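Please look through the model below before reading these notes. The points follow in numbered order, starting with one contact.

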Amino acid sequence: MNMTMTQNEEKVKKERSAKLILLFAMVSMTMMFAGLTSAFVVSKSRADWLKDFQLPTAFYWSTFVILSCSLTFFLAKKAIKKDNYAQTTLMLLSTLFLGILFVILQFVGFGQIVAEGFYFTGPASSITTTFLYVVTVMHLLHLAGGIISLLIIIYNHFKQKYNASQTLGIELGAMYWHFLDILWVYIFLFLIFFK
């Protein structure tokens, strides 16, 4: 009885520690993006700031896609808590597919911006598009971390390391993906309303 109690206490401590570390990392990332968007606001007063710049349509589609990632990850977490292995697999793979689709749509959006005659670097670039590029690429780098962690979660899932009583990896992955989704929605709305 004491042995089981100690193991349960250890498990709870481990889970709490892992969640706190992830939360600390997410707060740090939030501060970085707050700094970037503050610099964006300050730079708006520059004479060379583009006043009529419109976000590419691919960014609107990518917003829908990344929100769908949150839904599929939520459903994966819900399914594993019911020991529904097949549903968990489907939802995790759907999240991976949607995450990759989000990245593709971001690059399509970059292509749409360039097709409009706006460049991110070089003499033909503007401060507006350079800021847009920096902010979205920083988000994509964090998303790459999310995709890597998702691949590890999928691998562990196929190794049957998760079940109704052992969901920590999926929970941490879901926390991070929800954070990435909220972060992108913040960036997207910021770019629409504070251009």
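1. T72 and its place. T72 belongs to helix α2 (helices, H or I of at least four residues, and strands, E of at least two, are DSSP runs numbered from the N terminus). T72 is buried, at a relative accessible area of 9% (buried means under 20%, exposed over 50%, partly exposed in between, with a 1.4 Å probe and protein chains only). Its side chain makes a polar contact of 2.6 Å with the side chain of T95. A polar contact is a pair of N or O atoms within 3.5 Å; within protein, one must be able to donate a hydrogen and the other to accept it, and residues adjacent in sequence count only if both atoms are side-chain atoms. Apart from neighbours within four places in sequence, T72 is in contact with M91, S94, T95 and L98 (contact means heavy atoms within 4.5 Å). Between the C-alpha atoms of T72 and F190, which are 118 residues apart along the chain, the separation is 25 Å.

2. Basis of the model. This is a predicted model, in which local features need pLDDT of at least 70 and side-chain atom pairs count only at pLDDT 80 or more, while totals for chains, interfaces and linings use all residues. Residues are numbered from 1 along each chain as its sequence is written, and side-chain values use heavy atoms, with hydrogens and water left out.

3. Overall layout. The protein chain has five helices and zero strands, in the order α-α-α-α-α along the sequence. Its C-alpha atoms fill a box of roughly 70 × 30 × 25 Å along the principal axes. Of its 195 residues, 42% count as buried. Among contacts with a separation of 6 or more, 84% are between residues 24 or more positions apart.

4. The core. How many residues does the largest nonpolar core have? It has 49, and F73, L92 and L143 have the most contacts inside it. Such a core is a set of buried Ala, Val, Leu, Ile, Met, Phe, Trp, Tyr and Cys residues joined through side-chain atoms within 4.5 Å. Two or more residues each come from α1, α2 (57-80), α3 (85-115), α4 and α5. The largest share, 14 residues, is that of α5. Not counting residues up to four places away in sequence, F73 touches L92, T95, L150, I153, I170, G173, A174 and W177. In soluble globular proteins, nonpolar side chains tend to be buried together.

5. The salt bridge. The structure holds one salt bridge, in which the side chains of K19 and E171 meet at 2.8 Å, N to O. K19 lies in helix α1 (residues 2-43) and E171 in helix α5 (residues 168-193), so the pair ties together parts that are 152 residues apart in sequence. The term stands for a side-chain nitrogen of Lys or Arg within 4 Å of a carboxyl oxygen of Asp or Glu. K19 is partly exposed, with a relative accessible area of 27%, whereas E171 is buried at 16%.

6. Two other threonines. T129 lies in helix α4 (residues 127-158) and is buried, with a relative accessible area of 0%. Beyond neighbours within four places in sequence, T129 is in contact with L50, F53, I113, F118, Y119 and F120. T89 is found in helix α3 and is buried at 13%. A polar atom of the T89 side chain lies 2.9 Å from the backbone oxygen of Y85. Residues up to four places away in sequence aside, T89 touches H157 and F158.

7. Two loop residues. Which loop holds D83? D83 is in the loop between α2 and α3, and its phi is near 55°, a positive value in a residue other than glycine. D83 is partly exposed, with a relative accessible area of 47%. Q160 lies in the loop between α4 and α5; its phi, near 60°, is also positive in a residue other than glycine. Q160 is exposed, at 57%.

8. The surface. L20, L23, V27 and M31 form a nonpolar surface patch, with about 400 Å² of accessible area together. Patches are made of residues with over 30% relative accessible area and no salt bridge, like charges being joined within 9 Å and nonpolar side chains (Val, Leu, Ile, Met, Phe, Trp, Tyr) within 5 Å. V27 is found in helix α1 and is partly exposed, at 46%. Accessible areas come from the Shrake-Rupley method with a 1.4 Å probe; for residues, only the protein chains shown count as cover.
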